[in-house]
Amino acid sequence: MSKQEVRFSGEWKKREALKEAPKKEEAAALQKALPASGKSVLEKNYINLGKSQMTKRLQPSLNWKATFDFKEHKSLLRDTQEEKHGGRLERSGPPVSPRRSQLVRKSAEKIEEIISESSSESEEDEEPPDHYQEANAGLPSEYWQIQKLVKYLKGGNQTATVIALCSMQDFNLAQETCQLAIRDVGGLEVLINLLDTDEVKCKIGSLKILKEISHNPQIRRNIVDLGGLPIMVNILDSPHKSLKCLAAETIANVAKFRRARRAVRRHGGITKLVALLDCAQNSGEPAQSSLYDARDVEVARCGALALWSCSKSYENKEAIRKAGGIPLLAGLLKTSHENMLIPVVGTLQECASEESYRTAIKAERIIENLVKNLNSENEQLQEHCAMAIYQCAEDKETRDLVRLHGGLKPLASLLNNTDNKERLAAVTGAIWKCSISKENVTKFREYKAIETLVGLLTDQPEEVLVNVVGALGECCQEYENRVLVRKCGGIQPLVNLLIGINQTLLVNVTKAVGACALEPESMMIIDRLDGVRLLWSLLKNPHPDVKASAAWALCPCIQNAKDAGEMVRSFVGGLELVVNLLRSDNKEVLASVCAAITNIAKDQENLAVITDHGVVPLLSKLANTNNDKLRRHLAEAISRCCMWGRNRAAFGEYKAVAPLVRYLKSNDTSVHQATAQALYQLSEDADNCIIMHENGAVKLLLDMVGSPDQDLQEAAAGCIYNIRKLALATEKARYT
Amino acid sequence: MNRKKLQKLTDTLTKNCKHFNKFEVNCLINLFYNLVGEVTERQGITIGLDRNAFRNILHMTFGMTDDMIMDRVFRGFDKDNDGYVNISEWIYGLSVFLRGTLEEKMKYCFEVFDLNGDGFISKEEMFHMLKNSLLKQPSEEDPDEGIKDLVEITLKKMDHDHDGKLSFTDYEQAVREETLLLEAFGPCLPDPKSHMEFEAQVFKDPNEFNDI
């Protein structure tokens, strides 16, 4: 911040040197004495016309810095820090483009919120340096003209103000020099003050200018700092439709950073904006080009634009829903105007990341309209529809709805159009999520989407790759598709992607490779390409999701590889690495590593090695858990590991047995099966039998003997047999 | 006026004026006679609102304050230039004033602003109308400089044929591009708020309507 101050004071000195005369004029204008009562009616009426606000106006000056007090600096500071912080969270992976983090699906919803909010923050430039002030010593002529006009704004009655406002519109308000010029001569304060008066024409003229200049990120912040947002929100209540439209459009431009979105919500803006969406479908033409009137449809469009900007914040998404926004948005989807559809779908797509929305979206038949608009000519509209489908397809019913309304075919055909990368990312994302349902995968295969997806594995930006690989991972859950992917030459590019730093991509790639590894021929290719080693090294990746996913993928690899034992042993330090992962805190990682160990331990030599690395105490330490997934894989690992040396006894010594018995009380039958196996193996050791008996294992196991699952029956029965055998032997010993 | 004549008048006026229905014309006629007050009908004496009475209405009902503009509005209503706004002029005038289409309003405003009626709004006329639109700074050397500048700005914006004055074509084109410029030289139409209030009052219960 100090840098900025230095810059401003430097600029101030420069300006002081440059001009004296205009400054005097400026100073004169600053001393506005209210006309005394003896003056004419007209002067008095300036006061009546609501211009008494004049005295309340902030005193603008050429020294922009002086108009902002310390509070503003603090808030600027906070903003930049927020953005940096958000940036840091973002950057725990590789540099990721802002939109992309929307596509990241994390299990921790909270983190996702923050990231999705801060990702939109990172779209904002972080307080870019004031290029304009640094540019050159001479100020452009527009500066002087604008300064003059602002003077008339301050000192004129309604007529003069309107003339000055109209004239100001003639400047190229998209150009940064003009935008900053308006700000620097105190124009923003005047424009905002005008919004606070009762004069409708002045409000209209002022909003027209604010709407244009608020495209500039600095100006947006200045407007919020000057308290412009609450005033604009109040204007949304105006009876004049044209005013409502202008206010909404300006809010749409300003609400592009977090503080602004929050301010809109805090002043009741969301409710008012949602109310704008409620337009009677009869768009009767108002009095021809009336100044104050506008078509209802236009009002709704502007409302949707504003809501789209605001909806990037989590609390606003909630507020929109609570204000009854969803049915209204659904209604607007039925139109065929693209410039209405885009903000509406944009808003829905932003909000659809929230579960509460997905339920409502299903109810309102929105999916049907989204699918319909996939066929539009407008690329931006297609992109947003695909994104919305991507968000919603987390839900099974929605996936079915997409299929039922014929949405899969257009998605598949859009894959062929690779020029528009944002759209491609959205489409591949939608395909990924839809592929979670098997029926959809079948359809995609019909439409030859799988071949196209394989073709997209190379030469595409990361946002696209993540989704393409995700989709292939889901598709390869089916046998035929695995074969298809192999035949299209998909294995190589997939294995190539195992090298990378993008977490989401890695998670998806490992899943896809793991799925392919279920097919023996594909496994050979993976092995040949050194894929297993690459997967193994991903166990070292800092991110737990990647570790877990890699471990899961290793299981089929080890199962299906030729000479699996040899292969595993060939990874230097590989077994030690795996065993050490048992120290992790993350349940998913633990479960996946146990599954891997189960597979590794099928080979006797490797089992010996991991025993040496201390797998028994580490597994035993994990036994006290309530997590069924972990319990199941842990039990399986324990059963395997029992088949070496004195591991059975060792598990008993490390107190693994008693907790295992408790697993039998779980509701999950796969846990029962695994546990029964483990107990059966453990019961070969006499001491373990005693512990099991003490912990009431027999009763629980007896129940399972009657289970329909044959393996479970056998394991349970075998275990009971061992316990009884020991008991009988003990009895016999007592009587001899 | 006797009943029959009144009826006939109402019918004629309703037919000719495009924006009021019969009930509304009736209300306005009643309002007119209320405002004019007790006047005995005599031949040769025109019944109507004179300049002062009319300007009073503009000021009190519609909040207008600019003397010059109010004068021009009166002239705009008083088509036959006899110094009185009679009942027909009242109805036709209000029809544009309150509910005119953009075209009608443009013609009306242009006539208001064209002070000498020569079909052009000249620089001098603009200066005259904008004379008091800027708050005068005590330290300003030439207080008119700002006004002159405003006139230049307006001319630059609206004078499309670059002849130094505004013809109706210039004005019309400018207003079509930017509707805010309709009343560029002064408020000669009612502001929306007082417009709504007037209509609500007048078209509701004319019998109870005593004074404005």
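Visitor: What should I know about the model and its numbering?
Guide: This is a predicted model, where local features need pLDDT of at least 70, side-chain atom pairs count only at pLDDT 80 or more, and totals for chains, interfaces and linings use all residues. Residues are numbered from 1 along each chain as its sequence is written, chains are lettered from A and ligands numbered from 1 in the order in which they are written, and side-chain values use heavy atoms, leaving out hydrogens and water.

Visitor: Why are H10(A) and H8(B) called roughly perpendicular?
Guide: Their axes, lines fitted to C-alpha atoms over the stretch in contact, come within 12 Å and cross at roughly 115°. Roughly perpendicular covers 65 to 115 degrees, so H10(A) and H8(B) get that name.

Visitor: Which residues meet there?
Guide: Lys148(A), Leu149(A) and Tyr152(A) meet Gly146(B), Asp149(B), Leu150(B) and Ile153(B), where contact means heavy atoms within 4.5 Å.

Visitor: What makes His162(B) exposed?
Guide: Exposed means over 50% relative accessible area, buried under 20%, and partly exposed in between, with a 1.4 Å probe and protein chains only. His162(B) has 68%, so it is exposed.

Visitor: And why is Asp530(A) called partly exposed?
Guide: Its relative accessible area is 32%, so Asp530(A) is partly exposed. Asp530(A) also has a positive phi of about 70° although it is not a glycine. Most residues other than glycine have a negative phi.

Technical notes: Axes fitted to C-alpha atoms, helices over the stretch in contact; angles between N-to-C directions. Helix = DSSP H or I, 4+ residues; strand = E, 2+ residues; numbered from the N terminus. Parallel < 35°, antiparallel > 145°, perpendicular 65-115°, else oblique.
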